[in-house]
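Biologist: I am new to this structure. Please take me through some of the labels used for it.

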Amino acid sequence: MNSPIVPVTMAAERHFDPATAEVALRGLRASRKTLPAHLLYDEEGCRLFEAITRLPEYYVTRTELALLRQIGPELRERVGPGAAVVEYGAGAPTKASLLLAALDRPAAYVPFDIAESAVVATAEALRERFPGLALHPLVGDFMDGVALPDLPRPLLGFFPGSTIGNLDPEAAVRFLGKVRGALGEGGRFLVGVDLPKAPEVLVPAYDDAAGVTAAFNLNLLRRLNREAGAGFDLAHFAHRAVWNATDSRIEMHLQSRQRQSVPVAGVPVHFEAGETIHTENSYKRSPQAFLTLASQAGWHGEALWRDPDGLFSLHLLAS
């Protein structure tokens, strides 16, 4: 079921949500249980993810921030003055603030995400940091696409954090195509893409010693208890992070510690001991692999930046 795209007003009160229950049951009754990754990002999930980004094992955020600082002058020259920035998956203001500060007199900013609390917080932070900037916050599922408000040109899309890695190849091409349609001819898209690397580096980034990522993953079950009428006992599930070398992706799972039956919206869902719920993928793509996907959506690569250690990349795509 598609989520509506609505202007931000105030944080919604949490209660039983038939749409969440429907999505959860569809995934949990499949032959291989899975849940969509966007369910990880309720208010508590967003808070926990922000904590993950500060962990020593999680190299992604600090590496991308360093790259954004490094490429600022070149990006300013390429994009030109008066740009409007559309951030997809606007979960925190730090990266957007760096980008906007690097650009030449940016005119507008559109934070767009499914988590309303994150959009509100980002918009409020940037209103203080850039008082003359026109803000157009939107809440919705960016996979559904969005008709953007009337914005000044040029348009620069922004998709940091390697969130593109949460999408399988087909979904990534669909998303890239929708963004290209929304930004139009002459639009550009700055995308963070995590690079392939040794499992010894990757797995701890998704299974940290402090257990923050485990709490983030398990919080999804707490959300289903609240919004989908579920009866999960979180102590009966364990967080697992697995490197799938064949598909070049980290997989996050919630593994049942025992044989059990859990009600979800009044429907019993059965688990065998060791059975998992697949909650998220994080694909690691080489520059060529990512550009191949982008080209299928009508983009071409204008610029590519990588950190000296080969951990992370930023792509500037042009339509």
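Modeller: Start with the word strand: it is a DSSP run of E, at least two residues, numbered from the N terminus. Threonine 279 lies in strand β12, residues 276–283. Keep in mind that this is a predicted model.

Biologist: Why is threonine 279 called buried?

Modeller: Its relative accessibility is 2%. Buried means under 20%, so threonine 279 counts as buried.

Biologist: Which residues is threonine 279 in contact with?

Modeller: Leaving aside neighbours within four places in sequence, they include Leu35, Pro36, Leu40, Asn217 and Met252.

Biologist: What makes the pairing of threonine 279 with asparagine 217 a polar contact?

Modeller: The two side chains come to 2.9 Å. The cut-off for such N or O pairs is within 3.5 Å, with one atom able to donate a hydrogen and the other to accept it.

Biologist: Why is arginine 129 called partly exposed?

Modeller: Arginine 129, in helix α5, has a relative accessible area of 46%. Exposed needs over 50% and buried under 20%, so 46% falls in between and arginine 129 is partly exposed. Arginine 129 touches Ser97 and Ala101, not counting residues up to four places away in sequence.

Biologist: How do you know that α2 is roughly antiparallel to α8?

Modeller: The axes of α2 (residues 43–52) and α8 (residues 212–227) cross at roughly 160° and come within 9 Å. Over 145 degrees counts as roughly antiparallel, so α2 is roughly antiparallel to α8. Among the residues making the contact are Leu48 and Phe49 of α2 and Phe216 of α8. By class, this contact has seven nonpolar, three polar and one charged residues.

Conventions: Residues numbered from 1 in each chain as written. Predicted model: local features only at pLDDT ≥ 70, side-chain atom pairs only at ≥ 80, totals over all residues. Heavy atoms only, no water. Axes fitted to C-alpha atoms, helices over the stretch in contact; angles between N-to-C directions. Helix = DSSP H or I, 4+ residues; strand = E, 2+ residues; numbered from the N terminus. Parallel < 35°, antiparallel > 145°, perpendicular 65-115°, else oblique. Contact = heavy atoms within 4.5 Å. Nonpolar A, V, L, I, M, F, W, Y, C, P; charged D, E, K, R; others polar. Buried < 20%, exposed > 50% of the residue type's maximum accessible area, 1.4 Å probe, protein only.
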